[in-house]
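Here are a few friendly notes to read with the model open beside you. Take the points one at a time and find each residue as you go.

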Amino acid sequence: MSEDHHSIVRRQAAPASVSTPVVTPIWPSVVYQSTDADALDAQYLGETQGYTYAREGHPNAAVLAAKIDALEGARGGVVTGSGMAAVAAVFQAVLRAGDHVVAGSQLYGKSLKLLKDELPRMGVEVTLCDPTDGGAVAAALRPETKLVLVEVVSNPTLRVADMAGIFAATAGHPAMVAVDNTFTTPALYRPLAAGADLVIHSVTKMLAGHSDVTLGYAAAKDPGVAARLTEVSVAWGLTASPFDCWLAERGMHSFELRFARAQETAAALAHHLSGKPGVEAVIYPARPDHPDHNRAQGLLCGQGGAMVSFRLAGGREAANAFLRAARHIPFAPTLGDVATMFSHPAVSSHRALTTEAREALGITEGFIRCSVGIEAPDLLMRELDQALAASLVANA
Ligand code: PLP
C-alpha cells in the first residue's frame, strides 16, 4: 500500500486562508477530536468550550438556535429534528407520571395525538379546552397541572386564543404556559415577552420558509428548564442534522421580508375574496367580521398573519373544481412556504373528526386554507378568480 493511498484516506486540514468565508460553513462532522484526555475532560467539565459529538451539539445548530433566540427574546433554545420533536422535548422536559396538562382543543393534529394517546400512556392526564376562553382554561386547572399548551392562532379556523385570560388563569399557579408560535411567528407575537414560560416552533414552516427542511425549536425562560430541554433532546435523540440547520439558517435571512410580503398579500387576498360569488365566508383575523377581531387587534398589533381561510359554497365538488383549476398553486398540506399553497382540512388535518365535529368548527367540505406566499398579488388574484369560476360551474 503506497504512502499516497494513506494520505487519501486520512483527512487533510483545510488549506490556509487569511480571508474567511462570508457564508456560514456546514460542519457535517459527527464527531470532534480533542488533543488529549485532559483537553476532553476540560470540555466535559465545562472549563473550555468545544463540541464532542453532533447529537450533543454542533456549530450549525448553535448558529440557527441563536438566530431564533434573538427573534423570540430567548436564551439557550434548542433546535430539534422536527416541530413535533420540539413539542415532544417540552413534554419530556417538564412532565412526569401523575402530572396533568391543559391544552387547546384546536392544536395541530399530531400535537393532539401526543396529548390524547401518548401522554396518558405515560401516566399524564390531559384536559382539552377552548383556548379562546381564559375562563375555560382556569376551570380546567388542577393542583397537579404542570403545563398549559396553546397555539395563539388556531388551524385552520384562525381563532385567536385569549392569551390575557390564560396568563391571568395561570398567575400564581405552578403550571407553565407553553406557546406553539408556528402560525403566528415572532413577527406577530412574542410569547416569552407576553408572559409565557416556553415557546415552540415548527421551523419547517415560515422560519425556514422553503419547504426543503424539517426542523423544530423549543426554548424556556427559566434557565433550569432550558437546560432540561437540551438534556432531553440529546438523550432522546431529538436533535437536528447540520445540513438541515444550515438550510434553515439560510432561509431565515429573508424571514422578516418574506413574512411582511406574505402578510400584505394575505390581507389583500382576504379583501379580494370577500363577497365574491361562490365564497360563503372569508376568515382573516385582521378583518372586522372575524369572531376574535378585537382580541386579534390587540394581540397581533393590528396585523392578520399570512394565512387566509375561506368557505366555498357547494361542498367537495366545488372544492375539487377549485383546487384543480388553480393549477399553479399547489394543493399541499403545509404552510409558510415562499409559494402559496392550499389545504383542505376536511380530508387532511381534521379527517379524524366526525363530520358533525368538523361542522361545529365550521370546517365544511368547501373549507379551504390558504398559506400565502411571496408571489405577485395580482397573479394570485387572477388565479383565485379562475379557480372560483370553476367552482361556480361545478356548483351550478
Ligand atoms: N406545530 C404546528 C402549529 C404545526 O402546524 C406543525 C406542522 O404542521 C407542527 C407543530 C409540527 O411540525 P413538523 O411538521 O415540523 O414536525
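**Notes on some local features**

1. Let's start with helix α8 (residues 185-188), which is where Thr185 sits. Keep in mind that this is a predicted model. Thr185 is not a glycine, yet its phi is positive, at about 65°. With a relative accessibility of 1%, Thr185 counts as buried, because buried means under 20% relative accessible area.

2. Ser211 is another residue other than glycine with a positive value, its phi being near 55°. You will find Ser211 in the loop between β6 (198-202) and β7 (216-220). Ser211 is partly exposed, at 40% relative accessible area.

3. Now look at the peptide bond that runs from Asn155 to Pro156: it is cis, and its omega is near -5°. Most peptide bonds are trans. Pro156 lies in the loop between β4 (145-151) and α7 (163-170).

4. Which residues gather in a patch of negative charge on the surface? They are Asp36, Asp38, Asp41 and Glu47. Glu47 belongs to the loop between α2 (37-44) and α3 (59-72). Its relative accessible area is 61%, so Glu47 is exposed.

5. Finally, the cysteines. With a disulfide taken as a pair of cysteine sulfur atoms within 2.5 Å, the count comes to zero.

Definitions and conventions. Residues numbered from 1 in each chain as written. Predicted model: local features only at pLDDT ≥ 70, side-chain atom pairs only at ≥ 80, totals over all residues. Heavy atoms only, no water. Patch = residues over 30% accessible without salt bridge, like charges linked within 9 Å, V, L, I, M, F, W, Y side chains within 5 Å. Areas by Shrake-Rupley, 256 points an atom, 1.4 Å probe, with all protein chains shown as cover. Salt bridge = Lys/Arg side-chain N within 4 Å of Asp/Glu carboxyl O. Lys, Arg positive; Asp, Glu negative; His and termini not counted. Charge placed at Lys NZ, Arg CZ, Asp CG, Glu CD. Helix = DSSP H or I, 4+ residues; strand = E, 2+ residues; numbered from the N terminus. Buried < 20%, exposed > 50% of the residue type's maximum accessible area, 1.4 Å probe, protein only.
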